[in-house]
Amino acid sequence: MELKGKTILITGGASGIGLEAVKQFLENGSKVIITGRNQAKLDAAKKLHPSIITINSDVANAEDAESLFKEIQTLGGIDILYNNAGVLSKPQNLGITNEAHFETAEYEMSINYLGVIRLNNLFMDMLKSRKESAIINTASILSYVPLNLAPTYSASKVAVRFYTDSLRNHLQILKSHVKVFELSPPLVSTAMADGVNAKTITPEELVKGLIAGLKKDNYKIRIGDTMAIYFLSRFLPKIAWNLINRNSNAKQL
Ligand SMILES: NC(=O)c1ccc[n+]([C@@H]2O[C@H](COP(=O)([O-])OP(=O)(O)OC[C@H]3O[C@@H](n4cnc5c(N)ncnc54)[C@H](OP(=O)(O)O)[C@@H]3O)[C@@H](O)[C@H]2O)c1
């Protein structure tokens with residue numbers, strides 16, 4: 001798809017992969033709107049890229065999402081909705097057999113999965129009305145093989161991936177031209193990956209891959225190790241599981 005002249009909304013665009021996406025979409029001639037929950041981070045992103053519009057909005061909050069939609073309507077709408085906002089609870093809050101785990105699960109699902117559906121539903125008619133439009137949903141390498149230390153984060157990402165496949169299929173049956181992309185990053189060197197002792201790629205490499213995939217209309221954008229894990233998970237699932245979980249320490253569970 002063409003990116004030049006398009007307006008893109010990037011949720012969680014004030015740091016990490018989202019902030020790098022701001023830079024590269026601007027370089028490709030797009031107009032950029034970002035959201036996040038932290039005003040100081042939004043202000044810093046605006047200082048770095050003065051042409052962007054920043055809106056304080058939480059994807060897990062229905063009222064925030066509705067006011068976001070109205071504000072974007074008055075700004076002239078968007079052509080691309082990039083659902084990037086996501087959270088991964090830190091290992092001290094993980095584990096699967098304790099009661100606290102329910103809260104972790106609820107928090108991760110409300111942002112990583114339900115937040116995506118909420119915004120896609122709100123913006124669907126707007127996207128359908130544009131000449132060429134797209135939704136990008138962020139899954140993960142962990143949507144192919146779960147990380148033992150991040151059970152509901154992994155579950156939230158496989159939910160995003162299956163939902164993304166269904167949404168694409170439904171829209172094709174309805175003969176809608178809205179393109180639906182899955183982005184499945186490997187481990188990327190952002191705050192989310194802090195303290196993880198494993199091979200990472202940079203946000204710059206990841207977003208380059210995303211943009212190349214969008215331009216080629218490659219609907220399943222699996223970057224770096226995600227592609228290897230995808231194939232291994234189909235044909236040699238035990239090896240794939242061991243590779244993802246080799247640094248997991250049973251004492252942390
Ligand atoms: N880094 C990795 O290794 C990796 C691998 C696979 C997939 N991913 C996915 O890639 C996406 C970006 O991750 P990242 O590595 O860039 O993480 P990050 O550096 O922690 O950035 C996440 C961004 O999302 C925002 N955010 C979180 N919750 C939000 C909410 N409820 N509403 C609005 N914004 C929210 C955060 O800002 P505020 O806290 O200020 O709101 C932050 O700017 C996520 O979906 C993540 O799951 C990351």
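Visitor: Start with H3 and H4. What is the handedness of their crossing?
Guide: H3 and H4 cross in a right-handed way. Keep in mind that this is a predicted model.

Visitor: Which residues make that contact?
Guide: From H3 they are Ala62, Ala65 and Phe69, and from H4 they are Arg118, Leu119, Leu122 and Phe123. By class, six are nonpolar, none is polar and one is charged.

Visitor: And the geometry? What are the angle and the axis distance for H3 and H4?
Guide: Helix H3, residues 62-74, packs against H4 at an angle of about 30°, and the axes are 10 Å apart. Angles under 35 degrees count as roughly parallel, and H3 and H4 are therefore roughly parallel to each other.

Visitor: H4 also packs on H5. What angle there?
Guide: About 20°, with the axes of H4 and H5 8 Å apart; H5 covers residues 151-173. That makes H4 roughly parallel to H5. The crossing of H4 and H5 is right-handed.

Visitor: Which residues of H4 and H5 meet?
Guide: On the H4 side, Thr104, Ala105, Glu108, Met109, Asn112, Tyr113, Val116, Ile117 and Asn120. On the H5 side, Thr152, Tyr153, Ser156, Lys157, Ala159, Val160, Tyr163 and Leu167. The residues in this contact of H4 with H5 split into ten nonpolar, five polar and two charged.

Visitor: Switching to the sheet. What's the strand order?
Guide: S3-S2-S1-S4-S5-S6-S7, in an open sheet of seven strands with parallel pairing.

Visitor: Why do S3 and S7 each have a side without a neighbour in the sheet?
Guide: Strand S3 (53-56) and strand S7 (220-222) stand at the edges and have a single partner strand each, so one side of each is left without a neighbour.

Visitor: By how much are neighbouring strands turned against each other?
Guide: By 15° on average, ignoring direction.

Visitor: Take S5 and S6. How many bridges join them?
Guide: Five bridges join S5, residues 134-138, to S6, residues 179-184, and the two run parallel. As for what faces what, isoleucine 136 stands opposite phenylalanine 181 in S6.

Visitor: Now the ligand. How many residues surround the ligand, and which are closest?
Guide: 30 residues surround the ligand, and the closest are Gly12, Gly16, Arg37, Asn38 and Gly86. The elements giving two or more residues to that shell are helix H1 (16-27), strand S2 (31-36) and helix H4 (100-128).

Visitor: Which one gives the largest share?
Guide: H1, with three residues.

Visitor: What's the class make-up of the shell around the ligand?
Guide: The shell has 13 nonpolar, 14 polar and three charged residues.

Visitor: Back to H1, then. How do H1 and H6 cross?
Guide: The axes of H1 and H6, residues 203-215, come within 9 Å and cross at roughly 55°. That makes H1 oblique to H6. H1 passes H6 in a right-handed crossing.

Visitor: Which residues are in the contact of H1 with H6?
Guide: H1 contributes Gly16, Ile17, Glu20, Ala21 and Gln24, while H6 contributes Pro203, Glu204, Leu206, Val207 and Ile211. The contact of H1 with H6 has six nonpolar, two polar and two charged residues. Gly16 of H1 is part of this contact, and Gly16 is also listed among the closest residues to the ligand.

Terms used: Residues numbered from 1 in each chain as written. Predicted model: local features only at pLDDT ≥ 70, side-chain atom pairs only at ≥ 80, totals over all residues. Near = placed C-beta within 6 Å. Helix = DSSP H or I, 4+ residues; strand = E, 2+ residues; numbered from the N terminus. Nonpolar A, V, L, I, M, F, W, Y, C, P; charged D, E, K, R; others polar. Axes fitted to C-alpha atoms, helices over the stretch in contact; angles between N-to-C directions. Parallel < 35°, antiparallel > 145°, perpendicular 65-115°, else oblique. Left-handed = near helix turned anticlockwise from the far one by under 90°. Contact = placed C-beta atoms within 7 Å. Pairing = 2+ DSSP bridges.
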